[in-house]
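Subject: Structure handover

Hello,

Here is the structure we spoke about. Please open it first, then read the notes below.

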Amino acid sequence: WHYESFEGRTRIAADIAEQAGIRVAPAGSGTIRDEHEVQGLLTPIEGRHAKLAARFPGPIRSVNVGVGDRVGVGQTLATVESNLSLVPYAITSPIQGVVLSREAGVGELAGDKPLFEVADLSVLWVDLHLFGSGGQHITPGLPVVVTRLSDGISAHTTLERVLPATATASQSTVARAELENADGLWRPGAAVKARVTVAEDQVPLIVPLAALQRFRD
């Protein structure tokens, strides 16, 4: 009987490896990516977002829409009776979109505060917050993968711009990209995570990080 041991090496029976979830695959050529993981926030796009107030103060006579309703350009959202002329006039939507908020009730007095908030959510901005030196490598044109925290669904986009000012609250640099929202499941105000690819290199031999194990540092 002969026992032979090799430091840092072991044999695992095939059935035990299968039960442990160990898989074997050949190493080969591939792409190594320098990726930065950042946090982001979804927001409506300027110009596709409107807050609507009464032009003239007076009592609200009718309200035609609620939160979540889709509206078209020129659609009447409410009517207000002017205190000056006593003639009702319509508050209409200047854009096509979705009603995000409604602060109008029949019989209430319309003043300076916004009564409706409407936004076109078919395309959103995703604002990515970059901290420290990481922001120095992030430039317009870089590919980005954005992931919803709610269900893990991802979408691909491209950085459009890096804003010139620093976000006051977080002291971060903000990089911005547009995100298609055809299914309506990307929601303004929601936090997301993203991976920005700074560089890519084609290499002759690549091994997944999950296949590496530390041994004596």
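This is a predicted model: local features need pLDDT of at least 70, side-chain atom pairs count only at pLDDT 80 or more; totals for chains, interfaces and linings use all residues.

Arginine 70 stands opposite valine 98 in S7.

Residues are numbered from 1 along each chain as its sequence is written, and side-chain values use heavy atoms, with hydrogens and water left out.

The four-stranded sheet

Strands here are DSSP runs of E with at least two residues, numbered from the N terminus. Two strands pair if DSSP finds at least two bridges between them. An open sheet of 4 strands runs in the order S2-S9-S7-S4, with antiparallel pairing. Its edge strands are S2 (49–52) and S4 (70–71), and each pairs on one side only.

Going through the pairs:
- S4 and S7 (residues 97–102) are antiparallel, over 2 bridges.
- S7 and S9 are joined by 4 bridges and run antiparallel. Serine 101 stands opposite glutamate 117 in S9.
- S2 and S9 pair antiparallel over 4 bridges. Histidine 49 has alanine 119 in S9 as its bridge partner.

S9 (residues 116–119) is covered on both faces. Phe116 and Val118 are on one side, Glu117 and Ala119 on the other, and all are buried. Buried means under 20% relative accessible area, exposed over 50%, and partly exposed in between (1.4 Å probe, protein chains only).

Pockets

A pocket is an open set of points on a 1 Å grid over the protein atoms alone, where a 1.4 Å probe fits, with protein on both sides within 12 Å along at least five of seven lines; lining residues have an atom within 4 Å of a point. Grid points are joined across faces, edges and corners, and a volume is the space filled by probe spheres set on the points.

The largest pocket holds about 330 Å³ of space. It is lined by 15 residues, and the closest to its centre are Ile22, Arg23, Val24, Ala25 and Ala211. Its lining divides into 12 nonpolar, 1 polar and 2 charged residues. Ala, Val, Leu, Ile, Met, Phe, Trp, Tyr, Cys and Pro count as nonpolar, Asp, Glu, Lys and Arg as charged, and the others, Gly among them, as polar.

The second largest pocket holds about 280 Å³. Of its 15 lining residues, the closest to the centre are Arg70, Val98, Leu121, Ser122 and Gly184. S4 and S7 are the elements that give two or more residues to this lining. Here the division is 7 nonpolar, 5 polar and 3 charged.

Two loop residues

Serine 93 sits in the loop between S6 (88–92) and S7. Serine 93 is buried, at 1% relative accessible area. A polar atom of its side chain lies 2.6 Å from the backbone oxygen of isoleucine 95.

Leucine 86 is in the loop between S5 (76–81) and S6. Leucine 86 has a positive phi of about 60 degrees although it is not a glycine. At 57% relative accessibility, leucine 86 counts as exposed.

The S12–S13 hairpin

S12 (residues 154–167) and S13 pair antiparallel over 5 bridges. Threonine 166 stands opposite threonine 173 in S13. The two strands form a hairpin with 4 residues between them, and glutamine 171 in the turn has a positive phi of about 55 degrees. S13 (residues 172–180) also pairs antiparallel with S10 (residues 123–130), over 8 bridges.

Best wishes

Terms used
A polar contact is a pair of N or O atoms within 3.5 Å; within protein, one must be able to donate a hydrogen and the other to accept it, and residues adjacent in sequence count only if both atoms are side-chain atoms.
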